[in-house]
Each structure stands twice: as structure tokens, then as C-alpha cells.
Amino acid sequence: MYPEIFDSNMFTLLAEASVGKHFYWNIAGFLAHGQVLLVIWFVVIILLLLSVLGTQNIERIPSGFQNFMESAVDFVTDIARDQLGESFYKEWIPFIGTLFFFIFGCNWAGAIIPWKLIELPEGELAAPTNDINTTVALALLTSFAYFYAGLSKKGLGYFKRYIQPIPLLLPINILEDFTKPLSLSFRLFGNVLADELTVTVLTSLVPLIIPLPIMILGIFAGSVQALIFSTLAAAYIAEALE
Amino acid sequence: MDSIISAASVIAAGLSIGLSAIGPGIGQGNAAGQAVEGIARQPEAESKIRGTLLLSLAFMEALTIYGLVVALALLFANPFNV
């Protein structure tokens, strides 16, 4: 009943909140949220284009676009190095960096590009990270990554950390494996969706100028959330490796 | 949806986001105050303090976001909506 209230307002034509409405695709018996996949492909294509363009005509002394791309890679390298330490960070740069750039791209694609101009039969194009499925997938990937890191470094001895410092903490240590992906996914999902809903509500009240500061805050929050997610993923992997 | 259930859901959604904003508000105020104190004492450490502050603020904000997720679940994906 609630989405209809939002839809009925004339001013929300460009910013209607359709939480829980999706553009379903039926792929081999599974229902997929098409609007999320479309924007994800868009983001992936943009990232691929940027990286291909950035690695063509590489020069010894970087200038212009190559300079920009190198500083971006330096940035994610710093994230990985700060958390993982000098000895392990190299092999985890691709994972941490991909997480950062993908989430960053998704958040900014949702915040900057006026997707509402493109009509879909149902649902609407928005940041892919405002769908809980995307964020849960990313968080589960992080879970697998730190299990892989721990198991490949220590073998079965990895599970010794569940009874440290004392065996009494076993339930809490096991619970932690479930709360980590839960909090990771909810944090990202909630932040992105909260921002879009705030903009929607403000736009339905005052369509001009007033929502602008919230939109700028959304751009800022999007980049901070990408940073947080990748930092936390690196921290969890470091915890499994230590 | 039963009107009493929808009324209860709306009130609960308001309460969940409102109550979950109290704790992080106090915590973020504390953290920001301490960070300003640290910067005033040691201006050369500003960039490091700012980075850590932003990270910890986002952690605290996550608690409010959990309340928000509960509120959103009550409003848009109510499990008692039969």
C-alpha cells in the first residue's frame, strides 16, 4: 500500500520511490532484478573502458589520464597495504581494488546519472547497491575471501582461532562469521537506499534546490561507503591471515 | 492489510529509526569532539585523524542504518502483511 502513496504524487514523477518493485527477468526459472543488472553492466563497461584506455600507450613518465589512473591504483594499494601489511598486501590488491572501484562506480552511477529519464515497464534504474541482493553478494564474496585467505595460509589450523583466547568464546566466534557479512551488506544497502529515499521525499515536498545538499551528501557518502567496505574487507582478510 | 497492523507498523518504523539515532548521535558527537581536540593539540596529524574519524563515524552510522533497515522492512516488506 505504501508505494502507491508515493506514486500518486504529481511531483514525484521524476523521483518516485519504488521500493519493492522490480523489473523482473526470468532467466532459466530464476527471477532476476533486471534494473539492477542493467546498471551493473553499465558500471562494469565504464570501468573496463577506463582501465583499457588507461593502460594503452603507457609511458615511463605518466601524464594526463595515465597519471589519474595510476593515482587511483595507488589509492587502493594504500588501502590494502594499511590493513594487510607489507608481506601479504600484493596478492589482495586486485580483490580489494575491484571491490572499491565497483562499489564506488555503483554509488556514483546512482547518484550522478539521471536514470529516472529512462522509463522501464516496472521498477526504476538506480544505484545497483540499493538492492540488498547486490550487497549481500559482495559481502559473501568477502566472507569467502577471508576463509580462503585463512585456510590457504594455515590449513586446518585456521579453525584454531575459534577457541582463542579461551574455548568459552566459541559460540561468539562462530556468530562473528555470520554478523560480518550481515553488517557489511546492511551498512552499504541502508546507506545507499537511505540517501535515495531522502532525496525522493525531499523532492516530493520541494522539487527545486532544497534536495541539492542531500544529493551532494549522497555523492560524498557513496565514496565513503566504498572506502569503508574495501577497508573492512581488507581488515577481515588481515584478521584471518595473522 | 489490517488497519491496526499498518498503524502499528508505521509507529514501530518511526520508533525504530528514532531510537536507533540516539546512541550513534551521542557517539559521533563524542568522537568528533575528541578528534577536534586532537587536531587542536597536534595540527600536523590532521590528515591521519580525519581519515580515522571518517571511518569510525561510518561505523557508528551503521547502527542507525540497521534501525533504518528495520523501518524499511516494516514499511515496504512487512512480514505480517497477509
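Predicted model: local features only at pLDDT ≥ 70, side-chain atom pairs only at ≥ 80, totals over all residues.
Colleague: How many helices and strands does the secondary structure of chain A come to?

Modeller: From the N terminus on, the order in chain A is α-β-β-α-α-α-α-α-α. The count for chain A is seven helices and two strands.

Colleague: What share of the residues of chain A count as buried?

Modeller: A residue is buried if 20 or more other C-beta atoms lie within 10 Å of its own. Chain A has 242 residues, and the share that count as buried is 31%.

Colleague: Which helix of chain B gives the most to the side that touches chain A?

Modeller: The contact takes 14 residues from chain A and 14 residues from chain B. On the chain B side, 11 residues come from one helix, residues 46–76, which is H2.

Colleague: By class, how many residues on that side of chain B are nonpolar, polar and charged?

Modeller: The side of chain B that touches chain A has no charged residues. One residue there is polar, and the nonpolar ones number 13.

Colleague: Which residues of H2(B) make the contact with H6(A)?

Modeller: H6(A) brings A:Ser183, A:Phe186, A:Arg187, A:Gly190, A:Asn191, A:Leu193 and A:Ala194. By class, this contact has nine nonpolar, three polar and one charged residues. From H2(B) come B:Ala62, B:Ile65, B:Tyr66, B:Leu68, B:Val69 and B:Leu72.

Note on methods:
Residues numbered from 1 in each chain as written. Chains lettered and ligands numbered in written order. Helix = DSSP H or I, 4+ residues; strand = E, 2+ residues; numbered from the N terminus. Buried ≥ 20, exposed ≤ 12 C-beta atoms within 10 Å, placed from the backbone. Contact = placed C-beta atoms within 7 Å. Nonpolar A, V, L, I, M, F, W, Y, C, P; charged D, E, K, R; others polar.
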